[in-house]
Amino acid sequence: MNNLYIKRFALSNSAFKPPYMFGSLFMLIICFLSAFTVFKNPKAKETPNIILIVADDHGTDAIGCYGNPVIKTPNLDRLAAEGTRFTNAFCTTASCSPSRSVILSGMQSHTNGMYGLEHSIHHFKSFDNLRSLPVVLAENGYRTGRVGKFHIAPEDVYKFQTALSAGTANDPASLGRNALEMAEISKGFISEKNTKPFFLYFATDDPHRSNTILPNGKPDFNANPGANPFGNRKEGYKGITENEYTPKQVIVPSFLPDNRQCREELAQYYQSVSRLDQGIGRLIQILKETGKYENTVIMYISDNGVAFPGAKTTLYDPGIRLPCIVRDPAQTTKSVVNQAMVSWVDITPTILDFAGITTSKEKYHGRSFKNILPQKNPQGWDDIYASHSLHEITMYYPMRVVRTRNHKLIYNIAHELQFPMALDLQESYTWKSIVQNKNPFFGKRKIADFLHRPEFELYDLKKDPNEIINVAKNPDYKKVYNELLVKLKNFQENTNDPWFHKWEYE
């Protein structure tokens with residue numbers, strides 16, 4: 001209600017005299033009540049701080065709140081208990097740099113230009129005219145900072161005002177292997193006495209596979225025989241109490257072979273995840289110590305699925321179906337298990353929504369899921385799209401995907417090629433154990449089918465959650481196939497996919 005309205009109301013009613021005196025008195029009462037409301041809840045109109053935690057190669061297979069009873073992730077579990085856990089959250093591409101570019105741009109990687117890994121030898125970079133999330137936040141009054149893994153370019157496009165660490169990707173001595181140390185380094189940024197809210201991009205290297213940098217500068221993921229240590233080391237890490245697991249303890253996902261070698265690697269992977277969880281615990285503790293916890297939105301995601309064949313670099317569910325936990329301190333409903341299908345193109349719009357920022361300059365491919373956080377089964381969130389083009393520059397294998405609750409259609413654009421293996425997967429103890437023993441299967445999938453794929457793969461996810469039986473040519477699925485194909489083409493066209501021309505020039 002404004003002054004003009006009050007004056008009109010008073011003048012139209014002769015019982016109120018003098019009208020202007022009444023209007024002033026009425027407005028005084030309104031102002032008092034508004035001030036009382038803010039005083040009663042000082043956080044009510046305060047713009048929230050936002051922390052986005054991005055793990056490296058962490059699937060839903062190794063986290064307590066997603067159903068794993070073995071692994072110790074008490075801090076992530078507590079975060080989920082205080083907020084919302086999504087059960088149908090997906091990255092759009094199971095490759096590091098492209099996925100991170102989607103997270104920080106709200107656009108598919110084939111649109112923003114980050115087609116593959118950012119390493120200098122590959123030279124993949126997003127387009128110079130892109131306005132990323134940290135840039136938009138900074139323009140609208142946020143302090144922006146990053147710590148840990150970066151691995152996207154150009155830095156001017158993904159510019160943070162404060163870089164708390166160098167952000168070197170997959171460095172064996174990387175800060176990102178100790179999330180507790182990352183939290184300590186972030187303390188000054190978090191506690192800075194400033195009227196501006198902050199956005200912190202907290203990106204770990206855990207639980208990515210370990211590598212050794214050879215004299216020629218190239219990474220070697222199999223420098224020592226046996227299971228990859230996933231960043232674990234004998235001397236441990238400062239401040240970390242390592243949780244070690246035995247091969248017998250781990251739970252082998254259905255897409256992996258249940259053998260000694262795989263179990264040994266999963267045990268190392270679990271340990272890396274538990275170390276990451278301890279760092280998140282320290283980060284939360286710092287927020288509480290600095291009085292920031294109750295005004296900080298915390299979001300936890302991963303860039304892609306676990307670093308095993310059949311997950312990372314594929315668009316099968318183990319590669320793209322990921323943890324997504326959001327704690328909004330303003331949310332009164334706790335321990336929400338949300339069934340909405342969300343994807344990483346929704347991250348930027350959601351964070352901007354939390355920040356109260358609207359912009360007409362950007363056309364995001366996603367939408368905010370802020371308002372559905374308290375809901376279990378929100379309507380209208382029933383499909384996602386995915387797009388993979390390359391991992392390393394020699395790994396050209398473009399795929400486009402539409403996934404609904406019941407079906408998934410994969411378009412293998414260069415299906416004549418053999419599916420290329422990422423270096424860390426090809427050299428893995430798990431993969432070699434299968435190849436050397438000449439086992440025709442990797443998990444439930446034939447190796448021949450994994451390496452040589454048809455143009456289209458259609459899966460009935462209710463009947464076949466492991467995505468093994470391709471029904472693309474099954475006449476019983478003709479209607480579903482045609483409907484999804486139309487959606488897939490529309491997706492490519494609407495997102496300016498350069499590979500859309502394949503339909504015209506094939």
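Of the contacts (heavy atoms within 4.5 Å) in the protein with a separation of 6 or more, 70% join residues 24 or more positions apart. This is a predicted model, where local features need pLDDT of at least 70, side-chain atom pairs count only at pLDDT 80 or more, and totals for chains, interfaces and linings use all residues. Residues are numbered from 1 along each chain as its sequence is written, and side-chain values use heavy atoms, leaving out hydrogens and water.

**Overall make-up**
- You will find 15 helices and 16 strands in the protein, taken as DSSP runs (H or I, at least four residues, for helices; E, at least two, for strands) and numbered from the N terminus.
- Of the 506 residues, 57% are buried, meaning under 20% relative accessible area with a 1.4 Å probe, protein chains only.

**Two helices side by side**
- Helix 8 (residues 260-289) packs with helix 12 (residues 429-436) at about 175°, their axes 8 Å apart; axes are lines fitted to C-alpha atoms over the stretch in contact, and angles run from 0 to 180 degrees between N-to-C directions.
- The two helices, helix 8 and helix 12, are therefore roughly antiparallel, a label for angles over 145 degrees.
- From helix 8, R260, Q261, C262, E264 and E265 meet Y429, T430 and S433 of helix 12.

- Strands in the order 11-12-13-16 form an open sheet with antiparallel pairing; two strands pair if DSSP finds at least two bridges between them.
- Strand 11 (383-390) and strand 16 (456-460) are at the edges with a single partner strand each, so one side of each lacks a neighbour in the sheet.
- Five bridges link strand 13 (residues 407-412) to strand 16, and H407 has D460 as its bridge partner.

Methods:
Buried means under 20% relative accessible area, exposed over 50%, partly exposed in between (1.4 Å probe, protein chains only). Angles under 35 degrees count as roughly parallel, over 145 as roughly antiparallel, 65 to 115 as roughly perpendicular and the rest as oblique.
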